[in-house]
Amino acid sequence: MKNNLIRLLGLILVMSLASGVMAQKLVKGEVKSQDGETLVGVTILIEGTMNGTISDYDGQFQLQVPDGAQRLILSTIGFVTDSIMIDNREYYSIVMRENVEVLGDVVVVGYGQQKKESVVGAITQAKGEQLLASKGDLSLTNTMDGVIPGITVIQTTGEPGSSAAEIFIRGKSSWNNNSPLILVDGIERDFDDIDPNDVESMSVLKDASATAVFGVKGANGVILITTKQGKEGKAKINASFNISLKQPTTAFNFLDHASTLELYNQALEHQGIYDPTLYYSQDVINKYRYKTDPYLYPEIDWFDYMTKDVAVTQKYNVNISGGKKFIKYYTSLSYSKEGDVFNSEKQDNYDPRFNYQRFNYKANVSFQLTKSTTMKLQMIGNMATKNASNYSSKDLMNDITNRAPRYLFPAYYENGQLGDYVTTGASNNPVVLLNYNGAKETKTNKVYTDFIFDQKLDFITKGLKFNGKVSYNSNTSHDQVISNKINNEINVIRYYYQEQEDGSIIQTIYPTDDFVLYQPVYNAESINYFARDLYYEMSLRYNRTFNKHRVGLLGLFQRRKDFEKVKFRLPTEDWVARAEYMYDSRYMIEASGAYNGSDKFAPGQRFGFFPAVAVGWMISNERFVADNFDFIDELKVRYSYGEVGSDIGAARWTYMTQYETNGKVYFGNPAGGKGTFTEGTPGNADATWETAIKQNLGFELGLFDRFTATVDLFDERREGILMQRVTIPTWFGQENPYANIGETKTHGYEIAAEYHTDPGRDWQLIIGGNFNFSENRVVHRDDPQDRAEYQKDAGKPIGSEEMLVVHDLYRDWDDVYMYTPSDWNQGDRRPGDVIYVDYDGDGQITNLDRIAYGNLKYPEYTYGFNGSIRYKNWDFSFLFSGAANVSRQLVDNLYYPFIKADALTAHDQSLDAWSIYNQDSNLPANRVSNTNHNTGAGAGYINSLTYMDADYLRLKNVEISYTLRSDGLKDKLGLSSLRIYVNGKDLWTSSKFDDRFDPVPQTVRTYPLMKYYNFGMQASF
């Protein structure tokens, strides 16, 4: 009986095991990133067990899964751990989302990399994929707006090939050049023309601890561009194209000409001018209103006529990367062509159309010569051709929006003849100015080459490494101008038809009846810019972990020699040191510095030392936090203090007094002239760099593996700013000398946060934003002692505009006689003119009443917020950016439409100007001639009425995409993924600024900024 029971139990056990084996099934699949790249080495485990596998070089995996198992758990470095429901699918196509926090685990810093947990400087890093979201625009500078905290991006023009933006890191700290130092793969280079497809990451270094290693060039902040490199694995091919339809972000409006003439008559009456010959008759007004003859009485909206409905921009890129242990490679080729929004016309002998074409190329190869020796060769470059009219886009926009008459002649008469009205020898027809001035072609060629050698020195001591780098960079630019002018006269025949009182037509021909057309003049190609530089660098690096101790050391030497056109060589030299220490992943300290030399400055002043120190505390790694607050992923505090410099505002030879030829002295009989030399600007014998003392206090927080936030508070004191002295007595007899005596102070804060959720494999949500504030003040700018305090520069923001403050308008004649008299056109003041504040209270409006008023032309606040939603293969994303406490100035005739003699042009808002019929208006009365009182005492001055709030909120990017992934695509076409997207850039803007202009550029007279409608595809093989 006992033996039978044992046999029965054994049979049950065997059947159970067999049943268990039979209940398993084989699960197959592939793992990819969101951009379609296969992921190698992903760990796939059955939930609740240690049974699993890893994905191979093709991202493929297969795994025996027992019956009853519910989920697979996928994990790999740099990606969010994913949980996948096991169902009846035969094949699993899994897309893993990048973990921004973990991807930042390695942060690019000055002359190296650091693990994120050990970083104690104020550094923000963005991935190249974030920059690619800004499609259509060819300038890399414009991809950063709203993405990176602490960066202010101001695009000044939309002209093809010239749309690069101004960049400030943490606002302005000097009235000299505030441009940050830009390094591409560790070398100082122009980065605007780099294709975003080739960018791996962008690091922005803001505080002294991050920038002290750059010493004399680090005060304005540093941007580090790291380009893509080859990775071990099978060859991966990525191809993409983008087609953009673009339009101006704003449309300029004009008042119809009949209403304009009625306003002009009203302005004559208001100004007390009653000469009947100056008034427009109702008959003439009606001819414009009813368009009885569009050629003799035309009405042209030049902005609408001279711009297309849409212009087209194209971008194409293909890159291939891969390699084995011995060799890794990355190559890329791009082509871009940016079209013109102006209605320009190709001529027989030249092409005046604005357009820009660029070829980008990149190739690098890395050799693992031995286990300890690596050699890398790299070449990056681009060739570009910019074509433009020989009439500048800025002047053309001024003509279109201001100067060109809309009512005297058509662009072309009915018989095809060009219309024009010439008063000063120059054309008044924008079509003539754009198309018949000639053309200008600019060709640029930039080539950057690197040779990099790495040698591990573990045989001396583990963790020691030598690095050597040699770089040769070349940048050339050639211009060719085709002029279509003869004796300063545009070489094209134009006509002006004018109706006489008896109904006859007078036809005037320009230039003359017997004018002979000539061939355009082809000027010889000239070198516009030529620069080459040789850079070499040697460094020793030591990184080692001993139990709880992590040590990092850097010693670096580098030299650079610049060759620019016919200028003398400019050598610079740097000695750099950095020491890092971290204990138990909790306490961090870093000390760094650079000893820099520059030939810009006087002997004895050419070298300087710039040190910095920073400390950090990872509170979340303390036991009392880790054991009691497991929802806190990261809590870190860091502080830095240091000194950095800036030599950007310093020219060479300023330490030497210059002597100049200046006329002749005559001797003898007959007199013979002999040249004389006079002393020019006195030399600044102590010429040196600006010095910035920076402090930064930062906090980093991570919660629930979902939420991250960073807060930085910063303060800067800048001294030694180069400026021309003010307080020099007149008996000195020369131009005032320059000296490094200026001082400023700056402070502010940055806040960045992100929340992401991953509730399941079908959908994901990410939302984030940043908010930044930077304020500065002038401490010293050599103000004369007796100047009124409110008119001194000290205590005011850098770039403050002094202006008369408008209090109100004169509502009637009682106001004219009752309010404070003015120094300008006192006898010509009338109801509807402006009333100024008598700031100094002396009973007279004078220049002493000008005060710093309004906001600056660069914003104090910048912000951005973004979000993305992924549902299965669908992706939706958006980005908003904005600015606050910023102003822009409108030119006078946009408020006073008839004060310029060029043309009678008014705008819709002119209808709301003050008049006896509209006495409650806050817009000054229309006048037919300029008065210095209204415009603030003449050219070059402004008043608060024309200085407008230019705060804005802009929809920077919005995109929806669909990604195809299937076995059919891979088997038939070799495609691992195909992504199709529709994207918009700068589609919507909310602002109180005048809606005729974009609020972003610092001037209203510029080639219009563009909004883009993009369509494209990205394919991975």
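A: Glu 700 counts as buried, at 9% relative accessibility (buried is under 20% relative accessible area, exposed over 50%, partly exposed in between, with a 1.4 Å probe and protein chains only). This is a predicted model, where local features need pLDDT of at least 70, side-chain atom pairs count only at pLDDT 80 or more, and totals for chains, interfaces and linings use all residues. Residues are numbered from 1 along each chain as its sequence is written, and side-chain values use heavy atoms, with hydrogens and water left out.

Q: Which residue does Glu 700 form a salt bridge with?

A: Lys 116, with the closest N and O atoms 3.3 Å apart. A salt bridge here is a side-chain nitrogen of Lys or Arg within 4 Å of a carboxyl oxygen of Asp or Glu.

Q: Which residues are linked with Glu 700 in a network of salt bridges?

A: Lys 116, Glu 634, Arg 638 and Asp 712.

Q: And Glu 489 and Arg 494, how do their side chains meet?

A: In a salt bridge, 3.0 Å from N to O. Both Glu 489 and Arg 494 are buried.

Q: Changing topic, how many aromatic pairs does the structure hold?

A: 40. Rings of Phe, Tyr and Trp (its six-membered ring) pair if their centres lie within 6.5 Å; planes under 30 degrees apart count as stacked, over 60 as edge-to-face and the rest as tilted.

Q: Why is the pair of Phe 771 and Tyr 863 called stacked?

A: Because the ring planes of Phe 771 and Tyr 863 are at 20°, with the centres 6.3 Å apart.
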